[in-house]
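Biologist: I would like to learn how to read pockets. Please take me through them.

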Amino acid sequence: MTALDAGPTEAPRTFFFNDPVIRGIVYQIVVGLILVSFIAWIIGNTAANLAAQNKTTGFDFLWKTAGFDISFSLLPWSRASTYWQAFLVGITNTLLVAFIGIVVATILGFTIGIARLSSNFIISSLATVYVETIRNIPLLLQLFFWYFAVLKTMPAVRDSYELPLDSFINQRGIFFPQPLPDAQFGFVWIGLAVAIVGVLVLRRWARKRLEATGQRFPVFLTSLAVLLVLPALVWLISGAQVAFDPPVLGRFNFEGGVQLPPEFLALLFGLSIYTASFIAETVRGGIQAVNHGQTEAAQSLGLKEGDRLRLVIVPQAMRVIVPPLTSQYLNLTKNSSLGAAIGYPELVNVFSGTALNQTGRAIECIALTMLVYLILSLLTSAIMNWYNARVTLVER
Amino acid sequence: MSEPSQTTAASGQATRQDKATSTKPAIEIIGMHKWYGDFHVLRDINLTVGDGERIVIAGPSGSGKSTLIRCVNRLEEHQEGQIIVNGVELTADLKRIDEVRREVGMVFQHFNLFPHLTILQNLTLAPIWVRGTPKAAAEATAMHYLERVKIPEQANKFPGQLSGGQQQRVAIARSLCMQPRIMLFDEPTSALDPEMVKEVLDVMISLAEEGMTMICVTHEMGFARQVADRVIFMDQGQIIEQNEPEQFFSNPQHERTKLFLSQILH
């Protein structure tokens, strides 16, 4: 009864630890303390052990001469180059295979994903077999397959298979002529740039015209024609010449031309084909996620099949497809590190492999390598998040 | 019943009068059958819908009502018999199907608005891409119909921001923007909260009063009484009985109809 007498102004007393706000603060302080002491212990432990082994730390080694060979590089590379240059070579090789891999995997994945939805029994079964086979075999094994079972069993240099256009394939990869455009050829590039701008303007104009007069314009075919005809015309008028430097069988190997080594090809095939199977599933799921009522509504309005897909189905499917597609792109980029297993000189192989072994700077090399993948991944997801925010449905 | 319908048809929709002669039926279905696999969904359907006629189809669920009207714009394919819409017979010919769909509007139970487009874009999409109407004209038409369904202020919102009743009114306006000669309604009020049913029915009633040719699959018997020229009762894929609303409700002929009416009219 005394509690009643105290009146409603005074809340019943609680033990302070039962207050959720205070409890939350206490937990956070405790976790923070544990984390800080753990990190301090790791750093102290590492420093003590390194000192005991008389090892120095720091990034000064980056400017020293590396003194090893790299079999494939887009950047200039010699034994006299520094570890920093080796780092950059590793990054460019990773980016090269990741970029081409993403383009190929996207095209292949979308094609197969749409094929799985085909009403043609043979096409959809083939797509299903592809997805279920490729997706369920480990990527490393697939890389070994392409490298050891396919590309390394090609004939020796002297018995190379001849491909069309002065190209060859053998144990050491694919060799094809290198185009050597002369100075005049710059005009052709300018022509191509003008054509691209022209196509963009044309698309805007066609859209405006449709909105203003209701008349449709064959944008796709016209764009294609502009893109092909304009640079070709410039080429003819400017009299630009392109010489080709074909690969010629020398004493020990082909000389001249461009060589794509089997390590690169095996990694590219493996990554693209493997990731395409996941992208195919993503695409199929995205299209199936669009309610069939949407198709029916578009049909009953008289929209033709192409317009139905372009204006109604695809924009909605893309909302579903993009987030998992992003994670497939990230997977492909990170999986390119498996190239180390078949000797492709990507970042992990060059920097966390050879450079680390030679310098003994394990912590520095691994940390830098991790940082690169982290930045690449965060950049990709930032771009995809921006895109996703743009296409999100407004519901409230 | 036939006299008032003729007067309203003559007073409204003068533009449609020169398109089609009143003697030619809007829809003719002759001896039509449809199967889903082994299941015989529609059996020997014969139905003629005159220009400006309003028809309500009633019947228990699974009786084939929705399937029947979905055959009229070929969302479903029939296997036997003929369906002729505005003088065009529906076959596998895609060009004919498009021709029919341009003139036949459809309203669905679940609205099926395009969620990624604004209300205005929902309404102008087909006029721009199918009819080739200039955007400005299409938007003017769209605003006209949005005013008719009494929600012009929602034009720039997205479907997800509207209530069910508002969405269904937008769906009706979207079909009307194509200036169809026939409107099909597939249980348009079944997915709505009770307090929203009236706002949708009001739009349908005003449409009927203007002389639109309509086929409505609905359980709203009050609507049937008020606007229908003919009520059709279906069961197990067959048309069991059809009559003027007065006769249909007061003097049903068939046992199955009597049972159905006793169950839905309390």
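Modeller: Start with the term. On a 1 Å grid over the protein atoms alone, a pocket is an open set of points with protein on both sides within 12 Å along at least five of seven lines; lining residues have an atom within 4 Å of a point. This is a predicted model, where local features need pLDDT of at least 70, side-chain atom pairs count only at pLDDT 80 or more, and totals for chains, interfaces and linings use all residues. Residues are numbered from 1 along each chain as its sequence is written, and chains are lettered from A in the order in which they are written.

Biologist: Which residues lie nearest the centre of the second largest pocket?

Modeller: I287(A), T295(A), E305(A), L309(A) and I313(A) do, out of 24 lining residues. Helix 10 of chain A gives the most to this lining, with 8 residues. Helix 3 (83-116), helix 8 (262-289) and helix 9 (292-300) of chain A each supply at least two. Helices here are DSSP runs (H or I, at least four residues), numbered from the N terminus.

Biologist: What is the volume of the largest pocket?

Modeller: About 890 Å³. A volume is the space filled by probe spheres set on the points, with a 1.4 Å probe. The second largest pocket has about 710 Å³.

Biologist: Which residues lie nearest the centre of the largest pocket?

Modeller: R207(A), L210(A), R310(A), L311(A) and W129(B), among 29 lining residues. Helix 6 (186-213) of chain A gives the most, with 7 residues. From chain B, helix 5 (119-131) and helix 6 (135-148) each supply at least two.

Biologist: How many residues of that lining are charged?

Modeller: 8, beside 15 nonpolar and 6 polar. Asp, Glu, Lys and Arg count as charged.

Note on methods: Side-chain values use heavy atoms; hydrogens and water are left out.
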